[in-house]
Amino acid sequence: MSLLHIAILSPLLLAIFVPVIYKISKFLHLGWFVLPLPVILFTYFFSFLGDIKNGQAVTSSVEWISFLDISFDIYIDGLGLLFALLISGIGALVVLYSIYYLDKYKEHLNTFYVYLLLFMGAMLGVVLSDNLIVLYAFWELTSFSSFLLIGYWNEREKSRYGAQKSMLITVFGGLSLLGAIILLYVMTGTFSIREIIAQSDFIVSHELLLPTMILILLGAFTKSAQFPFHIWLPDAMEAPTPVSAYLHSATMVKAGIYLVARFTPLFGITGEWFWIVTIVGIITLFWGSFNAVKQTDLKGILAFSTVSQLGMIMSMLGAGAASVHFDFLDENIYTVATAAAVFHLVNHATFKGSLFMVVGIVDHETGTRDIRRLGGLMTVMPITATIAFLGAFSMAGIPPFNGFLSKEMFFTSMLRITEMGIFNLETWGLLFPILAWVASIFTFIYSMILFFKTFTGKLDPEKLEKKPHEAPLGMLIPPVILASLVVIFGFFPDLVSTNIIEPAMASILPDLLGDGEKFDIHIYHWHGLKSFELYMTIGVIVVGTLLYRSLRKWDGIYNRLPKQVTWNYFYDRGVELSQLGAYNFTKSYMTGSIRSYLAYMLIFFVAILLWTIGYKDAFALSMEKTSPIRVYEVILALVLVAGSITILAAKSRLTSIIALGAVGYTVSLFFVVFRAPDLALTQLVIETVSVALFLVCFYHLPKLKREERVRFKLNNALISLGVGVTVTLIAMSAHSTKLFKPISEYYVENTYELAHGKNMVNVILVDFRGFDTLFEICVLGIASLGIYGMIKLRLSGKGEQNEKQ
Amino acid sequence: MEILMSIVIGFLFMSAVYLMLSKSLLRIIIGTGLLSHGAHLLILTMGGLKTGAAPLLGEHAEQYTDPLPQALILTAIVISFGVTAFFLVLAYRSYQELGTDNMERLRGNEGHD
């Protein structure tokens with residue numbers, strides 16, 4: 001157990017002690033006890049930066065379940081470290097923010113911080129594990145803790161709905177991921193990501209490649225809210241705002257991004273990977289930004305905006321994978337897409353985190369998040385407005401903030417797809433930059449809505465539940481830190497590129513690097529007048545501004561879109577129909593009637609046995625070993641058949657009981673004929689007692705019942721005929737194929753020698769196989785005790801009497 | 001003889017199953033009685049019906065019938081008797097308590113599903 005393992009597990013360990021601390025400390029907000037941990041973790045992970053920058057990976061391993069190849073391996077490279085820094089850094093800010101956001105007395109703080117710490121530990125485990133099973137375990141823990149956090153205010157209907165929805169969708173993806181992990185293990189025989197990637201050439205030519213890839217992508221797309229699995233994210237906004245800021249903008253939704261980036265060295269060479277990842281990403285980008293414009297809830301805007309930005313990162317990762325096809329690092333113009341993806345990942349975490357916190361502040365200080373009621377807050381909340389300004393303009397991609405830089409790089413990578421000349425891109429390639437450009441216009445519009453509708457215009461205090469004022473300092477510190485990062489990364493992008501992007505790219509595209517080589521990424525504000533990207537950005541700003549000004553005139557199109565074709569509608573109907581279908585299906589065969597269950601069993605019995613006889617060609621009929629037919633036996637057989645026909649045809653029950661007795665006595669006559677004296681005796685006595693019992697039963701029948709014949713039913717007749725035929729066929733074939741001699745010779749020889757008895761049947765019963773008899777006695781004992789109990793005990797009657805008293 | 005017995009046993013099974021699929025509880029129990037007769041005869045038949053003396057050493061015969069299936073059947077008869085007796089008293093009690101022997105009416109309470 002190294003320090004690294006302890007670091008990853010420390011949030012989980014602290015989560016155990018949180019309720020205890022909560023009980024002890026009533027004076028200080030619980031968050032203060034949690035806050036040091038992410039800060040320490042952040043500095044700890046920060047200390048790895050130097051090593052990772054020099055291309056050294058940090059590894060550590062602990063045995064867990066060695067006979068299943070599962071060990072808790074940690075592997076930190078550029079990509080893992082980037083995520084670890086995001087998780088611990090933003091985690092610290094979110095904890096600080098939540099101290100001021102959540103009330104100490106009104107909220108159940110202990111559960112909140114337990115869930116949050118669970119999530120933090122799980123997320124660190126996901127991004128730093130090298131063993132896929134361990135990764136999967138942490139992956140499910142993120143889904144689970146996210147479920148708990150979304151449903152934090154569990155007395156609200158909407159919270160529970162959102163939590164359930166996100167759980168269903170992300171667990172569906174998680175199970176797909178598990179399927180992919182198992183397939184990878186089948187192919188390679190290892191769970192280690194590094195060893196699997198080392199066998200990339202083998203896997204890429206394997207026939208299971210496509211299923212594995214699709215299953216992994218299902219896991220990634222559901223977690224990262226890609227189209228059409230994005231629907232859980234807007235409903236997850238019912239969570240407290242610190243949770244939305246942490247999970248649903250900066251960390252958990254990027255777990256899918258992490259997965260795609262992590263497996264790019266494995267699958268990136270294939271065309272399918274490029275097509276699926278890029279197209280799904282670009283559709284998500286467009287759909288998310290298009291839908292964000294129509295939202296009236298600030299968090300709704302941010303949720304769709306997150307969906308859209310995640311799609312953008314995803315599409316860039318897909319496009320960047322294409323660079324593996326061009327081997328020369330110096331001239332490889334396609335690596336820019338991967339660099340842009342990593343850069344935008346960082347940027348998005350900064351500005352989206354700050355925007356969520358701003359929205360939380362607005363909600364906290366005014367009591368509403370509805371943009372139709374908000375407006376003119378700039379004068380009362382100047383600091384919040386400034387942060388929102390920085391975040392929104394960075395999100396819109398306006399210079400000089402960091403969002404502008406990554407958007408430029410995004411345009412560059414999308415434009416270069418059109419020149420790629422692989423994967424049959426000739427005509428369709430043009431669609432990528434066009435969609436990207438249109439989506440960017442929508443991004444611009446909703447960013448402007450977010451800022452201007454909230455902070456400018458006329459302040460109308462009557463619409464607000466509280467009198468608005470500036471937030472407390474502690475609540476402002478985290479968004480201020482994030483917003484200043486927006487500006488710092490905007491002006492000094494090389495800080496990010498050399499420290500973060502280059503090592504992360506080295507883990508996403510390791511094949512491009514020779515020994516000792518490094519990526520050399522420089523991010524420029526100014527590409528020169530010749531670059532087409534500049535004109536695209538200008539176009540976005542111009543068209544975006546025009547559309548924003550004329551929003552009233554065209555936002556009617558959202559109402560035109562039919563409500564019934566939204567993905568939410570499909571999801572809701574799907575859940576509803578699956579419940580209804582399962583209910584109806586069960587109701588259709590679980591009728592409560594014992595006859596139908598018996599019929600199912602017998603039909604199955606007949607079908608499977610007859611099918612087996614037919615399929616195996618098992619029927620045999622041989623007359624060789626049969627004994628001769630004698631007149632006695634024929635007569636007895638006829639009596640037996642006549643008796644059972646009488647039972648079937650009898651009108652009164654008395655007749656059938658007597659006929660049953662006749663059958664029983666005939667059977668005992670059969671025993672006589674077939675030389676079984678003990679059986680004959682027993683059968684005779686027992687049949688007599690049984691018939692007596694039947695008569696007792698008959699006597700106590702309800703008097704009003706009128707006697708009637710067994711009604712003929714064709715189905716029942718067919719089933720019983722089938723059973724009879726099956727039994728006959730099996731009996732015949734079993735008798736005709738005797739494989740070995742019976743063991744009875746032994747009994748015949750040894751009954752007297754060993755057991756000193758002359759009645760073989762009795763000696764077998766009490767000597768050779770005495771245990772059977774012992775338990776048969778038990779059966780009789782239990783039956784008699786049961787009968788006694790049934791007759792004597794009247795518990796239900798007693799209960800009624802008690803109630804009366 | 002075994003072939004003929006197989007057919008008779010098949011007939012017993014058929015009648016038993018037809019009775020067990022009927023509505024009346026008493027007929028179902030009669031069906032189980034027929035079914036156990038069928039099963040006992042089936043065991044005996046499958047053991048072989050070769051003629052020989054009864055399995056008593058005092059007979060001093062050349063050949064005896066197989067004693068093992070007889071022992072098995074004896075056990076089975078007693079067990080099926082125990083179960084039948086229990087079942088009959090159960091039916092008797094349910095007549096007393098519920099006032100019906102119609103299986104279609106003996107269902108779980110609809111309100112509880």
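How many cavities of 30 Å³ or more does a search of the whole structure find?

Modeller: The search of the whole structure finds five cavities of 30 Å³ or more. This is a predicted model: local features need pLDDT of at least 70, side-chain atom pairs need pLDDT 80 or more, and totals for chains, interfaces and linings use all residues. Residues count from 1 along each chain as its sequence is written, chains are lettered from A and ligands numbered from 1 in the order written, and side-chain values use heavy atoms, without hydrogens or water.

A cavity is a set of points on a 1 Å grid over the protein atoms alone where a 1.4 Å probe fits but cannot get out; a pocket is an open set with protein on both sides within 12 Å along at least five of seven lines; lining residues have an atom within 4 Å of a point. Grid points join across faces, edges and corners, and a volume is the space filled by probe spheres set on them.

Start with the largest cavity. Its volume is about 150 Å³. It is lined by 14 residues. Nearest its centre lie A:Glu687, A:Ser690, B:Ser36, B:His37 and B:Ser80. Three helices each supply at least two lining residues: helix 30 (677-699) of chain A, and helix 2 (25-46) and helix 3 of chain B. (Helices are DSSP runs of H or I with at least four residues, numbered from the N terminus.) Helix 30 of chain A gives the largest share, five residues. By class, the lining has five nonpolar, eight polar and one charged residues. Here Ala, Val, Leu, Ile, Met, Phe, Trp, Tyr, Cys and Pro count as nonpolar, Asp, Glu, Lys and Arg as charged, and the others, Gly among them, as polar.

Next comes the second largest cavity. It holds about 130 Å³ of space. Its lining has 15 residues. A:Phe674, B:Gly48, B:Leu49, B:Lys50 and B:Thr65 lie nearest its centre. The classes are five nonpolar, six polar and four charged.

A:Arg675 has a positive phi, near 65°, and is not glycine. Most residues other than glycine have a negative phi. A:Arg675 sits in the loop between helix 29 (653-673) and helix 30 of chain A.

Now an open space. The second largest pocket has a volume of about 790 Å³. It is lined by 27 residues, with A:Lys741, A:Pro742, A:Ser744, B:Gly47 and B:Asp66 nearest its centre. Helix 32 (744-755) of chain A and helix 3 (67-98) of chain B give two or more residues to this lining. Helix 3 of chain B has the largest share, four. The lining divides into 11 nonpolar, eight polar and eight charged residues.

Where does this pocket lie in chain A? Domain 1 (594-741) and domain 2 (742-805) of chain A both line the second largest pocket, so it lies between them. (The bounds come from an automatic or database domain assignment.) Their centres, taken over C-alpha atoms, are 24 Å apart.

Last, the two chains. In all, 81 residues of chain B are in contact (heavy atoms within 4.5 Å) with 103 residues of chain A. The area buried between them is about 8,200 Å², and carbon and sulfur atoms give 77% of that. B:Met1, B:Tyr18 and B:Leu21 supply 10% of the area that chain B buries against chain A, more than any other three residues. Buried area is the accessible area (1.4 Å probe) that two parts lose on being put together, summed over both.
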